[in-house]
Amino acid sequence: MNTTRRWRRALPFLNWPRPDRALLRGELLAGITVGLMIVPQGVAYAALAGMPLVTGIYASLLPALVAVLFGASPRLSVGPTALTSLLVGASLAPLASAGSAQWVMLAAWLALLCGALQVVLGLVRFGWLLNLVNSPVLMAFTQAAALLIVASQIPPLLGWTGWAEARSGLEAGLWHGPSMAFGLGSLLLLWLARRWRPTFPVVLLVVVASAGISRLAGFEAGGGAVVGTLPEGLPALVWPGWPGWPVLGQLVLPVLVISLVSFLETASSAQVDNAGRHTRWDQDQDLIGQGLAKLAAGLSGSFPTSSSFSRSALNLYAGARTGWATVVSVAVVGLALLLFMPVLHHVPRPVLAAIVLVAIVGLIRPASFVRLWRLSRVEAVIAGSTLLVTLAAAPALYWGVLAGVLMALSHFLYLRLHPRIIEVGLHPDGSLRDRHLWQLPPLAPHLYALRMDAALDFATAAGFERTVAEHLEAHPDTRHVMWIAHPVNWTDVTGAEAFGRLRHALALRGITLHLVGIKLPVEQLLRAAGHLDNGQGLRTYRTEAEALQALASLDAPQDVRA
């Protein structure tokens with residue numbers, strides 16, 4: 001039984017239901033719908049990555065099949081995505097010329113290295129590393145990347161190869177009307193269709209229609225940029241050439257960022273998928289599946305893949321229930337490679353730019369920063385800084401992610417080093433709350449009652465000792481210190497040593513320490529360290545009510561109701 005469970009976990013496709021007519025009807029519809037969308041999108045994203053256009057289709061074939069077989073979220077659509085493609089292009093820009101053999105080789109190495117890293121992390125159950133990037137940093141980086149993608153696609157949308165040509169063309173008053181017509185017309189049609197009929201394969205329709213119009217109108221002969229001839233047939237598995245250790249060393253940072261960002265893309269889709277199936281997301285198995293998909297992409301001569309949120313959402317919306325839908329979409333892509341390549345020859349390049357723009361423009365949401373500012377100004381500043389660093393560092397976009405992560409971790413560390421420590425008083429509702437915030441009287445004369453809302457460890461121990469020492473210095477008549485310890489869920493050796501020093505210092509001054517609500521893991525360590533003996537000057541209570549009742553025995557107590 002355990003062996004069967006182990007095999008089903010290692011090979012998730014064994015959990016798929018056996019296909020019947022009713023199931024296959026829905027899976028066929030969803031698979032064909034997504035497959036028809038993947039082909040033109042793959043070509044467009046390959047252009048964004050600076051790769052030969054056919055490699056975008058290669059990235060949608062074997063990697064998608066491997067991911068669905070070995071991933072834990074079978075309804076995700078894996079292949080090229082706008083964000084990952086942009087990161088590939090930005091990472092390789094200083095190392096090679098776009099589209100060259102060196103560029104393609106390095107892109108394949110990016111896929112292999114990212115894939116190997118994700119597989120290893122999944123095998124050692126390190127999916128928790130996902131938590132290193134918080135939501136504001138990811139949101140800011142994604143929006144910065146979306147802005148850069150939009151900026152990179154505006155010139156080809158209007159018929160220019162880049163901003164330099166656009167500037168010179170504008171100065172000379174030269175406009176290529178047919179290119180603008182194809183680009184802006186496709187953009188309008190795709191935007192309207194996405195708004196009104198998201199499941200309709202309008203991307204394929206626009207691509208086929210534009211190819212037909214382009215051929216009949218002689219768009220290429222008139223100076224228009226087209227996709228051109230693409231090789232037919234399925235990709236061959238090849239091992240890329242060796243780039244050398246110095247070049248490989250320059251890929252380390254891009255590999256880390258692409259692996260992290262692509263898996264964050266996967267997380268956003270996987271959480272929706274698993275919520276719909278009422279299952280717990282196995283992030284480690286998805287790490288393995290996504291890593292194997294990237295390895296397949298590298299061996300196919302393509303570039304790193306990821307999970308597309310828009311295509312995954314379309315897959316769910318079209319009725320996909322299992323991984324069979326992805327198998328169908330892979331078959332559609334395979335047929336396209338065998339039969340559809342001549343049609344793509346005449347597709348105008350501005351149409352590809354329109355496909356990318358429609359897919360990415362929804363990621364630009366300025367209102368997210370306004371909402372974040374209302375919730376947390378510190379995190380809003382971190383997000384804004386991440387956005388600015390990403391834009392300023394382009395094309396080295398990984399500095400934006402690293403800066404955001406470092407700022408977020410620094411903020412987290414600051415909060416850990418400065419725990420919330422308050423003096424408590426008895427609130428009219430019977431609870432113990434911040435005495436100074438609520439303007440409450442002391443619990444009893446000559447008593448200092450405090451609560452620390454954090455663990456007692458190496459990060460908080462010094463602050464805890466300092467707070468007590470400062471109070472005793474300001475109130476030399478203190479005879480009792482009550483520590484409400486129930487928020488402290490663990491301690492370490494440094495925390496135990498600090499507690500021991502505090503108890504010894506209080507005993508020297510004849511101050512009784514009242515310890516309330518200590519939890520078992522903390523109690524066990526303090527007792528093992530010899531700081532919880534039953535000696536004089538220490539009293540322990542299990543509950544706040546018990547401690548409040550004991551205050552009645554203190555000298556000259558106030559009227560305290562337990």
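This is a predicted model: local features need pLDDT of at least 70, side-chain atom pairs count only at pLDDT 80 or more; totals for chains, interfaces and linings use all residues.
In which kind of crossing does α12 pass α13, right-handed or left-handed?

Helix α12 covers residues 252-277, and helix α13 covers residues 283-299. Their axes come within 11 Å and cross at roughly 125 degrees, and the two helices are therefore oblique to each other. As for my opening question, the crossing is right-handed.

So who touches whom? On the α12 side we've got Ser262, Phe263, Thr266 and Ala270. They meet Gln283, Asp286, Leu287, Gln290 and Lys294 in α13. Sorted by class, that contact has three nonpolar, four polar and two charged residues.

Okay, now look at the loop between α12 and α13, where you'll find aspartate 282. Is aspartate 282 buried or exposed? Its relative accessible area is 12%, and because the cut-off for buried is under 20%, aspartate 282 counts as buried. A polar atom of its side chain lies 3.2 Å from the backbone nitrogen of glutamine 285. Leaving out residues up to four places away in sequence, aspartate 282 touches Arg9, Ala72 and Arg125.

Let's follow arginine 125, then. Arginine 125 sits in the loop between α6 and α7, and at 33% relative accessibility it is partly exposed. Its phi is near 60 degrees, a positive value in a residue that isn't glycine. Histidine 446 also has a phi near 60 degrees, and you'll find that histidine in the loop between β4 and β5.

One last stop: the peptide bond from alanine 394 to proline 395 is cis, with omega near 10 degrees. Proline 395 is in the loop between α19 and α20.

Terms used:
Residues are numbered from 1 along each chain as its sequence is written. Side-chain values use heavy atoms; hydrogens and water are left out. Axes are lines fitted to C-alpha atoms, for helices over the stretch in contact, and angles run from 0 to 180 degrees between N-to-C directions. Helices (H or I, at least four residues) and strands (E, at least two) are DSSP runs, numbered from the N terminus. Angles under 35 degrees count as roughly parallel, over 145 as roughly antiparallel, 65 to 115 as roughly perpendicular and the rest as oblique. A crossing is left-handed if the near helix is turned anticlockwise from the far one by less than a right angle, and right-handed if clockwise. Contact means heavy atoms within 4.5 Å. Ala, Val, Leu, Ile, Met, Phe, Trp, Tyr, Cys and Pro count as nonpolar, Asp, Glu, Lys and Arg as charged, and the others, Gly among them, as polar. Buried means under 20% relative accessible area, exposed over 50%, partly exposed in between (1.4 Å probe, protein chains only). A polar contact is a pair of N or O atoms within 3.5 Å; within protein, one must be able to donate a hydrogen and the other to accept it, and residues adjacent in sequence count only if both atoms are side-chain atoms.
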